[in-house]
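Me: Please take a close look at one part of this structure for me. I would like to hear about the charged side chains and how they pair.

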Amino acid sequence: MADNYLEKRYEEVFENPRPKVVRQGGPSLDSLFVKNRSVRGFDQSRVVSEAELLDIIGVNPAIASSKNMQALRFHPVTKDTGAGKVNANIKMAALFRKHQATAAIKENFPSLPLPGTEPEAFVIICSTVDESPSLFIDLGISLQSMSLKAVEMGLNCLMIRSINRPGLEEAFGLEHVVAVLAVGKSAEKIYLVPTDGKQKLSQQPEEAAPLDYFRRDGIHYVPKLRLEDILV
């Protein structure tokens with residue numbers, strides 16, 4: 001025990017008492033993972049500011065980068081600075097589009113976003129180098145990290161790679177656009193459903209594959225493999 005430890009503790013506790021600080025813990029990482037769902041319908045009454053987008057982009061200087069090349073660049077877009085131009089050059093819900101031509105029950109595979117739920121804030125991600133495996137490692141880390149930051153802030157995201165690159169680059173004077181992150185407050189209910197990935201869930205539409213996300217009664221369901229199914 002250090003010299004005079006008890007005496008020092010006595011002075012700290014009794015002679016110089018400090019107010020007790022109650023620290024509130026933030027959301028756990030596990031809870032952020034669960035809330036970090038791909039949102040395809042946004043509550044337009046919740047306006048996302050440029051300052052909030054900059055907070056989200058601000059995680060990037062602190063995250064990992066393959067070979068430390070740090071080649072990604074970010075352009076924030078709000079409702080007032082061109083959200084409509086972004087919406088005109090992106091597509092959502094690729095799995096739904098795949099099924100729309102043959103689906104017997106069209107409501108299971110709606111065209112998304114539904115009118116009035118379009119995202120109105122974005123981060124356009126560009127690159128200073130040619131596309132490569134290392135760049136896509138960085139892109140995945142960046143998109144996930146920004147999405148988790150948004151969830152911590154009470155927002156939600158959608159990572160979008162189905163984009164009209166020439167259209168976006170011309171509309172915003174950018175080069176080498178590689179992805180778009182839509183940001184806003186979710187207007188959807190989204191639930192994860194455990195599955196083994198081999199057989200369809202009983203609730204899934206006939207046209208769906210075992211891991212296809214689907215909708216029922218306006219709720220979006222996402223089949224997810226369980227821990228025991230991803231161990232090798």
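Predicted model: local features only at pLDDT ≥ 70, side-chain atom pairs only at ≥ 80, totals over all residues.

Reply: Glutamate 228 counts as exposed, at 53% relative accessibility. Arginine 226 is partly exposed, with a relative accessible area of 34%. The pair does not stand alone. Salt bridges with shared partners join Arg226, Glu228 and Asp229 into one network.

The structure holds 6 salt bridges. Two further ones deserve a look.

Take arginine 215 and glutamate 188. Their closest N and O atoms are 2.0 Å apart, and they form a salt bridge. This pair links distant parts of the chain. Arginine 215 sits in strand 6 (residues 214–216). Glutamate 188 sits in the loop between strand 4 and strand 5 (190–195). The two are 27 residues apart. Both ends are under the 20% cut-off for buried: arginine 215 has a relative accessible area of 8%, and glutamate 188 has 17%.

Now glutamate 131 and arginine 165. They form a salt bridge, with the closest N and O atoms 2.6 Å apart. Glutamate 131 lies in the loop between strand 2 and helix 6, and arginine 165 lies in helix 7, so the pair ties together parts that are 34 residues apart in sequence. Glutamate 131 is partly exposed at 39% relative accessibility. Arginine 165 is partly exposed at 29%.

Arginine 165 leads on to helix 7 itself, which spans residues 165–172. Its buried residues are Gly167, Leu168 and Phe172. They cover an arc of only 105° around the axis, which puts them on the same side of helix 7. Pro166 and Glu170 are exposed on the other side. The cover over the buried residues includes strand 1 (72–77), helix 4 (83–87), strand 2 (122–127) and strand 4 (177–184). Just after helix 7, glycine 173 takes a positive phi of about 65°.

Aspartate 138 is found in helix 6 (residues 133–152). Aspartate 138 is buried, yet has no salt bridge. Its nearest side chain of opposite charge is arginine 73, at 8.7 Å. A salt bridge needs the nitrogen within 4 Å of the carboxyl oxygen. What does aspartate 138 contact, leaving aside its neighbours within four places in sequence? The contacts are Ala64, Ser65, Ser66, Met69, Gln70 and Leu72.

Technical notes:
Residues numbered from 1 in each chain as written. Heavy atoms only, no water. Helix = DSSP H or I, 4+ residues; strand = E, 2+ residues; numbered from the N terminus. Buried < 20%, exposed > 50% of the residue type's maximum accessible area, 1.4 Å probe, protein only. Lys, Arg positive; Asp, Glu negative; His and termini not counted. Contact = heavy atoms within 4.5 Å. Arc of directions from axis to C-beta.
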